[in-house]
Amino acid sequence: MDYVGRIYRPPSEAHSLLLQVTLGCSHNRCVYCDMYRDKQFRPKPWETIEADLREAAAAGRKGFRSDKVFLCDGDALILGQRRLLQILAGIREHLPWVTRVGTYGDTRSVGRKSVEALGELRAAGLGIVYHGMETGSPAVLERIDKGGTRPELITMADKLRAAGLTHSVIVLLGIGGVALSQEHARETAEALTRMDPPFVGALTTTVVPGTPLWEMQTRGEFQLPSKFRMLEELREIVAHSEFSRCRFSSNHASNYVPLRGTLPQDKAAMLSVLDEIIARGDERLLKPEHLRRL
Ligand code: SF4
């Protein structure tokens, strides 16, 4: 497979075929993100993608196959409709055993597409869009240069639902800093309630050297909340989000406490775990720093 640079995928795509159809991220400005700073965004040539599909097909015929494909890098949904349909048709042709294709998407990439265009992608095999929303707070969205507004987040969720695409939302504990911690948690819960996605994953902010967030921290403009304060944010989000039915998890490697449950029915149990850990305030109950990963 033609993999260029570091490759990232959501935790739930661990067993998927990773098909790199673009390099980098067309936005590449979120202040905390260092994933693609070494890559200039560009679509990969169709010939390269098709060669990867042929290679995966040959491996699949020998029994090495996955029924899921994840389109990399950080922003594949920004590609034009014609190229996306070409890729999805290529997957159907070369890998007929694939039942679901996933990609990252955000307010910019979904915002550019109509519900009809998204529905066309759905019909061609796209199944799930992973969306690094990070926060529902307008002030925090602006501070982290996320490139979207709160109304656009809501519209994005509505469009994906109308198109029949599964929406998996990622939120980032601690990204409001100490100053906007309460606002971040409260407004994230409000936005999630309005969006009502079927999947939410919480990650915990790590300030990565070399990122703008690192520089903000060095200048005293950002202070990461304490580990227990970030757990309180998680508690607030679980407590105040109202979902029809949502698989909510904090089992990403960056988190101090892995939780997984279905909301609303597991809300009381999840809150009880968090309340006990927060009340005890014992760091030995948290994942050790050396086991955390981005
Ligand atoms: S949109 Fe995603 S990949 Fe791009 S800079 Fe922001 S966090 Fe990083």
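Analyst: One term to begin with: helices (H or I, at least four residues) and strands (E, at least two) are DSSP runs, numbered from the N terminus. Also, this is a predicted model.

User: OK. Where is proline 264, then?

Analyst: Proline 264 sits in the loop between strand S10 (260–263) and helix H10 (267–280).

User: Backbone angles next. What is phi at asparagine 28?

Analyst: It is positive, about 55°, although asparagine 28 is not a glycine. This residue is in the loop between strand S2 (22–23) and strand S3 (42–43).

User: Why does asparagine 28 count as partly exposed?

Analyst: Because it has 16 C-beta neighbours inside 10 Å. Buried needs 20 or more, and exposed means 12 or fewer.

User: What about aspartate 196, what is its phi?

Analyst: Near 50°, again a positive value in a residue other than glycine. Aspartate 196 lies in the loop between helix H7 (181–195) and strand S8 (199–204). It has 17 C-beta neighbours inside 10 Å, so it counts as partly exposed.

User: Changing topic. Which residues surround the ligand?

Analyst: Cys25, His27, Asn28, Arg29, Cys30, Cys33, Met35, Tyr36, Gly74, Asp106 and Gly132. Asn28, with its positive phi, is one of them.

User: How do those shell residues divide into nonpolar, polar and charged?

Analyst: There are 5 nonpolar, 4 polar and 2 charged residues in the shell around the ligand.

User: Which residues of H1 are buried?

Analyst: Ile49, Asp52, Leu53 and Ala56. They cover an arc of only 100° around the axis, so they are on the same side of H1. An α-helix has 3.6 residues a turn, so residues three or four places apart point the same way.

User: And which exposed residues are on the face turned away from that side of H1?

Analyst: Glu47, Ala58 and Arg61. The buried residues of H1 pack against strand S1 (17–20) and H2. Just after H1, glycine 63 takes a positive phi of about 100°.

User: You mentioned H2. Which of its residues are buried?

Analyst: Leu84, Ile87, Leu88 and Ile91. Their arc around the axis is only 95°, which puts them on the same side of H2. The face turned away carries exposed Arg82, Ala89 and Glu93.

User: What covers the buried residues of H2?

Analyst: The cover includes H1, S4, strand S5 (100–104), helix H4 (115–123) and strand S6 (126–134).

User: How many residues are in the largest nonpolar core?

Analyst: It has 69. Those touching the most other members are Leu19, Val21, Val69, Leu71, Ile91, Leu160 and Leu234. In soluble globular proteins, nonpolar side chains tend to be buried together.

User: What does valine 21 touch?

Analyst: Not counting residues up to four places away in sequence, valine 21 touches Lys44, Ile49, Leu71, Cys72, Ala76, Leu79 and Ile87. Among these, Ile49 is a buried residue of H1 and Ile87 is a buried residue of H2.

User: Last one: what is arginine 235 in contact with?

Analyst: Leaving aside neighbours within four places in sequence, arginine 235 contacts Leu271, Leu274 and Ile278. Arginine 235 lies in helix H9 and counts as partly exposed because it has 18 C-beta neighbours inside 10 Å. From arginine 235 to glycine 281 there are 46 residues in sequence, and 14 Å in space, C-alpha to C-alpha.

Technical notes: Residues numbered from 1 in each chain as written. Predicted model: local features only at pLDDT ≥ 70, side-chain atom pairs only at ≥ 80, totals over all residues. Near = placed C-beta within 6 Å. Nonpolar A, V, L, I, M, F, W, Y, C, P; charged D, E, K, R; others polar. Core = buried A, V, L, I, M, F, W, Y, C linked by C-beta atoms within 7 Å. Contact = placed C-beta atoms within 7 Å. Arc of directions from axis to C-beta.
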